[in-house]
Number of protein chains: 2
Amino acid sequence: MSEYPFLKACRGEVVERTPIWIMRQAGRYLPEYREVREKVDFLTLCKTPELATKVTLQPIDRFGMDAAILFSDILVPAEALGLKFDFNPGPVLESPVRSSEDIERLSLADPEESVPFVFETIRMLRRELAGRVPLIGFAAAPLTLTVYLVEGSGSKSFDQVKRLLYGAPSSAHALLGKVAELTERYLKAQIAAGAQAVQLFDTWAGLLDPSTYREFGLRYARRVLEALRPTGVPLIYFALDSNHLLEEIRECGADVVGADWRLPLGTVSERLGQRFPLQGNLDPCVLFASPDTVAERARWVLEQARDLPGHIFNLGHGVLPQTPVENVEALVHTVHSQREET
Amino acid sequence: MSEYPFLKACRGEVVERTPIWIMRQAGRYLPEYREVREKVDFLTLCKTPELATKVTLQPIDRFGMDAAILFSDILVPAEALGLKFDFNPGPVLESPVRSSEDIERLSLADPEESVPFVFETIRMLRRELAGRVPLIGFAAAPLTLTVYLVEGSGSKSFDQVKRLLYGAPSSAHALLGKVAELTERYLKAQIAAGAQAVQLFDTWAGLLDPSTYREFGLRYARRVLEALRPTGVPLIYFALDSNHLLEEIRECGADVVGADWRLPLGTVSERLGQRFPLQGNLDPCVLFASPDTVAERARWVLEQARDLPGHIFNLGHGVLPQTPVENVEALVHTVHSQREET
C-alpha cells in the first residue's frame with residue numbers, strides 16, 4: 001500500500017515522482033461531470049453512491065491523478081445534527097444555529113445511520129478503484145462547519161459567527177464541541193469504510209487572529225486529528241488564507257499541511273518549522289493562462305518544494321468551473337514529467 | 001495644524017491621546033446617513049458636494065472622530081478614463097477592460113474636469129470643518145482599481161484579472177501604468193483642493209503572492225506614493241488581508257501603514273521593521289458584541305500599540321451596515337478615555 005506515491009509523500013518518504021491531485025478535481029470544469037449534473041442536482045449526486053462514485057473516478061480516468069477524493073460536500077454530516085440544507089447554488093441552511101437554545105437543541109445521531117450514502121460511496125469507490133490510487137476522505141474542520149451552521153448561507157463579513165465567538169464564547173464552545181464530536185465520528189467512519197487518508201478543510205480559519213484561532217479553531221481541529229491518529233492513515237490539514245496563522249498551525253496535529261498560493265512553499269515550510277510534508281500550491285487562476293504558462297508556473301512550484309520534508313502537488317484552492325481542461329492536462333503532464341528532468 | 005492628534009500620530013510625534021476614525025464612518029449604520037440615502041442613490045450622493053459634505057460630517061458631529069474622510073467611492077476616478085459604472089448594489093462596470101485593445105483605447109482626461117464634484121466637496125468640507133479635524137482624501141491603489149476595471153463587478157475568484165497578470169503581463173503593466181498615472185493626478189488634485197492626508201486602499205493586494213504583488217501591486221502603489229511625497233501630507237497605505245506581504249509592504253513608501261484585524265499590531269510592526277506608525281485594527285465584527293466587549297477588545301488593541309512608532313485607532317476594515325451605533329460610541333469613548341488611564 002505504501003507504494004502509492006501519494007501515501008509515501010504524506011509520510012515524508014522518498015518518492016520517485018511528485019504525486020498530484022487537485023481540490024474539486026471532480027467538478028464542473030469537466031464535460032463528463034456536467035453531463036451527470038444535467039440529470040441530477042448537486043445534493044442528489046452527493047447522496048447517490050453510484051453517481052458519486054462515477055464522478056469521483058472521472059479525473060482519475062482522464063488525467064491519471066495520484067489520488068481520488070470522495071465526492072461530497074462539507075455540509076453533508078450536518079444531517080447527523082438534525083439540520084437540513086439545500087444548494088441554491090451555494091449552501092443554504094433551513095434554520096441557522098444562533099442562540100444558546102439552538103445549540104442545546106442539537107443532538108448528535110450516528111453518522112452511519114444519518115448519512116449512510118457517504119460510507120456506501122467509499123466502499124463502492126474502493127471496489128471500483130481496485131487499488132489503482134488511494135482514496136481520500138474529508139470533512140470540514142469544526143470551526144469551518146460551525147461558520148456555515150451559524151451564518152446559514154454565504155457571508156461577506158461573517159458577523160453572525162463572530163458575534164458568537166466574541167460575544168458568547170461559552171455558547172461557541174458548546175457548539176464547537178458538538179461539531180468536533182460529529183467530525184471525529186464522521187471521519188472515523190469514513191476510515192472504517194475504506195478512506196486511506198483524510199483531509200480536514202479549514203476554509204474560514206483565516207478570518208481569525210492568532211489568539212481567537214487558537215481558542216476556537218486550532219483547538220478543535222487538533223482534537224479531531226488527535227482522535228484519528230490511532231487509525232494510522234495520513235491526516236491532512238488545509239486552512240485557506242491562513243498564512244498569518246502558520247506558527248499556530250505547527251500544532252495542528254496533522255501529518256501534512258495544505259498551503260494556498262499566497263506564499264511560496266519554501267517560506268511556508270520555514271514558518272511551520274520544516275516539519276511537515278506540504279500539499280499545494282499553484283494558484284487555480286494560473287489555469288486560465290496558456291498551457292506554457294501553466295507548465296512554467298508548475299515547475300516553479302516544484303522547485304520551491306525541492307527541500308521540503310515531502311510534497312504533494314495540488315492547487316492552492318479548488319479548481320474553478322471555467323478552467324480549460326487542456327490546462328489541467330498540461331499541469332498533470334508537467335508534474336508527472338518532472339522525474340525525468342531532475 | 002500639526003496640533004491635530006491625527007496628523008501628529010501620522011508623523012510619529014508624541015500625542016496626548018490616540019486619535020480615532022473608522023473606515024466607512026459615514027455609512028449605512030448611521031440613521032442620519034440612511035435618511036439622506038432614502039432620497040438619493042449612492043452615486044448621486046457621491047456626486048453632489050452638499051450631500052457628500054453633509055454625510056462626511058455626520059460621524060464627526062455624532063462621535064467626535066479625530067479625522068473626517070471624503071465621502072466617495074474608489075471607482076469614481078475611473079470616469080477620467082472614460083469608463084461608466086453603476087452600483088447595483090456593488091459596483092458594476094458598463095464594459096470591463098480586458099483585451100489589449102480595451103487597454104490601448106483608454107485615454108486619461110484631467111480628473112479636475114472629469115470628476116470636479118470630488119474637489120468641490122473637499123473645498124466645501126474644509127470650509128464646513130473650519131479646522132475642527134483634518135480631512136483625509138483617498139483613492140484605490142492602482143492594483144485594486146485595476147482589479148475592478150478588469151473584473152467589471154464583484155468576483156469570488158478574480159480569474160479575469162489574474163488571467164491578465166499571469167497570462168499577459170505586458171498588457172497588465174500597460175493598464176496599471178495608466179491607472180497609476182490617473183491615481184497620482186487624482187490624489188494630487190485632492191491635496192491641492194485641501195485634503196490634509198491621503199489613504200491608498202489596496203483591498204485586493206492580498207490575493208497575490210509576494211513576487212506577483214511586487215511586480216503588479218507594490219511597484220505601482222509606491223510610484224503613486226513617491227509622486228505625492230513632495231506635497232508633504234501624510235500618506236497612508238492600507239492593504240487588506242495582506243499579512244503575508246508585510247516584508248514587501250516595508251517598501252511601499254507611505255508614512256503610515258494600515259493593518260487589518262488578523263494580526264496583533266505588535267506583530268505587524270515587527271514584521272514591518274518597526275518603522276511605521278500603524279493605523280488599526282479592531283475587527284469590525286467586534287462591534288456586534290456588547291459595549292463591554294467592545295471596550296475590552298479596544299483596550300487590548302491600545303495595549304498592543306503601546307510601543308509602536310505611532311498609532312491611529314481604526315477598525316481593521318470598514319464598519320458594517322448592521323453595526324449598533326451605541327457600540328461605536330463605546331469604542332470612541334474607550335479610545336478617548338485612555339489618556340486618563342495610562
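**Ground rules.** I count residues from 1 along each chain as its sequence is written, and chains are lettered from A, ligands numbered from 1, in the order in which they are written. As the model is predicted, local features need pLDDT of at least 70 and side-chain atom pairs count only at pLDDT 80 or more, while totals for chains, interfaces and linings use all residues.

**Entry 1: the core.** Buried, in my notes, is 20 or more other C-beta atoms within 10 Å of a residue's own; exposed is 12 or fewer, partly exposed is in between, and C-beta atoms are placed from the backbone. This core holds 241 residues, and A:Val198, A:Tyr237, B:Val198 and B:Tyr237 touch the most other members.

I then looked up what B:Tyr237 is in contact with (contact is C-beta atoms, placed from the backbone, within 7 Å). Leaving aside neighbours within four places in sequence, B:Tyr237 has B:Leu200, B:Asp202, B:Ala221, B:Leu225, B:Cys252, B:Ala254, B:Val257 and B:Gly258 as contacts.

**Entry 2: where the chains meet.** How many residues does the contact take from chain B and from chain A? I find 24 residues from chain B and 24 residues from chain A. On the side of chain B that touches chain A, helix H9 (residues 159–167) of chain B gives the largest share, five residues. My helices (H or I, at least four residues) and strands (E, at least two) are DSSP runs, numbered from the N terminus. By class, that side of chain B has 10 nonpolar, seven polar and seven charged residues. I count Ala, Val, Leu, Ile, Met, Phe, Trp, Tyr, Cys and Pro as nonpolar, Asp, Glu, Lys and Arg as charged, and the others, Gly among them, as polar.

**Entry 3: H8 in chain A.** Next came helix H8 (residues 142–151) of chain A, whose axis comes within 8 Å of that of helix H9 (residues 159–167) of chain A, crossing at roughly 110 degrees. Axes here are lines fitted to C-alpha atoms, for helices over the stretch in contact, and angles run from 0 to 180 degrees between N-to-C directions. H8(A) and H9(A) are therefore roughly perpendicular. For angles, under 35 degrees is roughly parallel, over 145 roughly antiparallel, 65 to 115 roughly perpendicular, and the rest oblique.

A:Thr146, A:Val147, A:Val150 and A:Glu151 of H8(A) make the contact with A:Gln160, A:Val161 and A:Leu164 of H9(A). I sorted these into four nonpolar, two polar and one charged.

Is H8(A) mostly covered or mostly uncovered? I get mostly covered, with 10 of its 10 residues buried. Those buried residues pack against strand E3 (91–93), strand E4 (135–140), H9, helix H10 (169–193), strand E5 (197–202) and helix H11 (210–228) of chain A. Just after H8(A), I noted that A:Gly152 takes a positive phi of about 85 degrees.

**Entry 4: H8 in chain B.** I checked helix H8 (residues 142–151) of chain B against helix H10 (residues 169–193) of chain B: the axes come within 9 Å and cross at roughly 120 degrees. That makes H8(B) oblique to H10(B). On one side of the contact I see B:Pro142, B:Leu143, B:Leu145 and B:Thr146 in H8(B); on the other, B:Leu175, B:Leu176, B:Val179, B:Ala180 and B:Thr183 in H10(B).

Entry 5: Most residues other than glycine have a negative phi, and most peptide bonds are trans. I still found a cis peptide bond from A:Asn88 to A:Pro89, with omega near -15 degrees. A:Pro89 sits in the loop between strand E2 (85–87) and E3 of chain A. Another cis bond runs from A:Gly280 to A:Asn281, with omega near -5 degrees, and A:Asn281 lies in strand E8 (residues 278–282) of chain A.

As for phi, A:Phe158 has a positive value near 55 degrees and is placed in the loop between H8 and H9 of chain A. I log A:Phe158 as partly exposed because it has 18 C-beta neighbours inside 10 Å. A:Asp241 also is not a glycine, yet has a positive phi of about 50 degrees. A:Asp241 is buried, with 22 other C-beta atoms within 10 Å.

Methods: Core = buried A, V, L, I, M, F, W, Y, C linked by C-beta atoms within 7 Å. Contact = placed C-beta atoms within 7 Å.
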